[in-house]
Amino acid sequence: DAIAGSWRLLQRRRGHRYSLDDVATAWEAARARPAARRYLDLGCGIGSVMLMVAYKLGPAEVTGVEAQEVSIGLARENARRNGLDARLVHGDLREVRHEGTFDLITGTPPYLPPASASPSTDDQRTYARIEMRGGIEDYLGAAARVLAQGGAFVACCDARRADRALDVARAAG
């Protein structure tokens, strides 16, 4: 069973690159809500999770939010080249407001606290790995504001600290 069809992804050679985290998140999201009609990808980066999930969902309203200018530019180009009609918002997921609710929301937040990791010489890589704008708590908070009743939020987080994500998820409802 293909998860991504024949789409192709543009990414910078020495920038942030999609990974197994993205594939696993997309796979679990598509399994969690295969009939979702409104889908949101928080911190969509270059659009890898968004494209994979959109491919599996078929016709759905797709929205992605990304704060980094270089990444949102690549996400827009990746969506265009692969024929995905998505609403892509350049902004901080903690501040962007959405109309209505979403059946499915995904996120692959960074999970290294700033004090525990060295920044890369490339900002795109730094923000994808290190919690410079927050971590799973911020993704859960953003998702909780717009998750439809009966919807699903699927995120990839640090397995060494799963209790952190589970505690915040319980608190967010």
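Predicted model: local features only at pLDDT ≥ 70, side-chain atom pairs only at ≥ 80, totals over all residues.
Colleague: How many cavities of 30 Å³ or more does a search of the whole structure find, and about how much space lies in the largest cavity?

Modeller: The search covers the whole structure and finds one cavity of 30 Å³ or more. The space in the largest cavity is about 60 Å³.

Colleague: How do the residues of the lining of the largest cavity divide by class?

Modeller: The lining includes Pro110, Tyr111, Ile136, Cys157 and Ala165. Glu131, Asp158, Arg161 and Arg164 also line the largest cavity. By class, the division is five nonpolar, no polar and four charged.

Colleague: Are helices H5 and H6 roughly parallel or roughly antiparallel to each other?

Modeller: Helix H5 spans residues 136–146 and helix H6 spans residues 162–172. Their axes come within 10 Å and cross at roughly 25°. Angles under 35 degrees count as roughly parallel. H5 and H6 are therefore roughly parallel.

Colleague: Is the crossing of H5 and H6 left-handed or right-handed, and which residues of H5 make the contact?

Modeller: H5 passes H6 in a right-handed crossing. On the H6 side, the contact is made by Arg164, Ala165, Val168, Ala169 and Ala172. On the H5 side, it is made by Ile136, Glu137, Leu140 and Ala144.

Colleague: Which classes of residue make up the contact of H5 with H6?

Modeller: Glu137 of H5 and Arg164 of H6 are in the contact, and both Glu and Arg count as charged. The contact has seven nonpolar, no polar and two charged residues.

Colleague: Which helix gives the most to the lining of the largest pocket?

Modeller: The largest pocket has a volume of about 600 Å³ and is lined by 36 residues. Helix H1 (20–32), helix H2 (48–57), strand E2 (61–66), helix H4 (123–129) and H5 each supply at least two residues of this lining. With four residues, the one that gives the most is H4.

Colleague: Which element supplies the largest share of the lining of the second largest pocket?

Modeller: About 320 Å³ of space lies in this pocket. H5, strand E5 (147–155) and H6 each supply at least two residues of its lining. The largest share, five residues, comes from E5.

Colleague: How many charged residues does the lining of the second largest pocket have?

Modeller: The second largest pocket is lined by 14 residues, and Leu140, Leu147, Phe153, Ala169 and Gly173 lie nearest its centre. Twelve residues of the lining are nonpolar and two are polar. The number of charged residues is none.

How values were computed:
Residues numbered from 1 in each chain as written. Heavy atoms only, no water. 1 Å grid on protein atoms, 1.4 Å probe; cavity = no way out; pocket = protein on both sides within 12 Å on 5 of 7 lines; lining within 4 Å. Points joined across faces, edges and corners; volume = space filled by probe spheres on them. Axes fitted to C-alpha atoms, helices over the stretch in contact; angles between N-to-C directions. Parallel < 35°, antiparallel > 145°, perpendicular 65-115°, else oblique. Left-handed = near helix turned anticlockwise from the far one by under 90°. Contact = heavy atoms within 4.5 Å.
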